[in-house]
Amino acid sequence: MKSIQYAIESDMAGLAGLFVTGTDTGVGKTWVAATLTRLLVQRGLLVRPHKPVESGCASGEGGLLPQDAVALWEAAGSTESLQQVCAYPLRAALSPERAAALEGRTLTLDQLVTACQSGIGADDFLLVEGAGGLLSPLAAGTTNADLAAALRLPVLVVAADRLGVINHTLLTVEALQHRALPLVGVVLNQAGPMTDPLMDNAADLAHWLDCPVERVLHRPGHQTPAWTGIGPFLHGLANRLAAAHAAPKGIPSNANCAVQERSGG
């Protein structure tokens, strides 16, 4: 029986940035994105994090407060304003497209691209976090996948390490392949204690994907993992991204994944 076949091949040398998406909402992609931001800053990169649109924002003193964008902003030690990190905070905890419609607004792909690319220098590392899963609607007729494609950024997929994640992850990767979007890796985040000691999603996904699968283990006592808790699990990924960013174009790097055909009896 043959596995799903993918062909995602791209030269990652001179890597200009990364798009962080998830298999679903609430899988921990903000903490992974913030942790990678801090780790890359520690490696000397000038990281410019952006979450161009964020829904579910509570009211603060200066208006709506995008908490995910705040985490990215603080992780980078950014000199940009919070408004530059998140240009479009929205109130309703729904898809950004619907949340904007409820406020009488229509966001476009061009607006999101401009919000991400404005002021980015040639040597900067642009890290963009999407909202929800890969095909969640961000703006009028626009999904996270469309934004990643428009920005020409490779994609990191974050998934919750639980029953069902193999299907969710392979569907997400297949959607990336369909759009010819390069995949950098998969991060499995254990948001809670594992309930079945026989389950090993990382090993099973590694069988299907010729791609780094990083596992962030559950930390007892941490309802939501802080970057300090998950940082040790992501050093290898941060090293690969930093090396790819530093490599001159035309020199192969090992940041990108190639997912090959597997066959079995």
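Modeller: In this predicted model, the largest nonpolar core has 39 residues, of which Phe19, Val128, Leu147, Leu151 and Leu188 touch the most other members; such a core is a set of buried Ala, Val, Leu, Ile, Met, Phe, Trp, Tyr and Cys residues joined through side-chain atoms within 4.5 Å, where buried means under 20% relative accessible area, with a 1.4 Å probe and protein chains only. Helix α7 (residues 165–178) gives the largest share of this core, five residues, helices (H or I, at least four residues) and strands (E, at least two) being DSSP runs numbered from the N terminus. Because the model is predicted, local features need pLDDT of at least 70 and side-chain atom pairs count only at pLDDT 80 or more, while totals for chains, interfaces and linings use all residues. Residues are numbered from 1 along each chain as its sequence is written, and side-chain values use heavy atoms, with hydrogens and water left out.

Leaving aside neighbours within four places in sequence, Leu188 is in contact (heavy atoms within 4.5 Å) with residues including Ala159, Val165, Leu205 and Val216. A second, separate core of 30 residues includes Val20, Leu39, Leu45 and Ala75.

Turning to the sheet, six strands form an open sheet in the order β2-β7-β1-β10-β11-β12, with parallel pairing, two strands being paired if DSSP finds at least two bridges between them. The edge strands, β2 (47–50) and β12 (213–216), each pair on one side only. Strands β10 (residues 155–160) and β11 (residues 183–189) pair in the parallel sense over six bridges, and the bridge partner of Leu156 in β11 is Gly185.

Notes:
Buried < 20%, exposed > 50% of the residue type's maximum accessible area, 1.4 Å probe, protein only.
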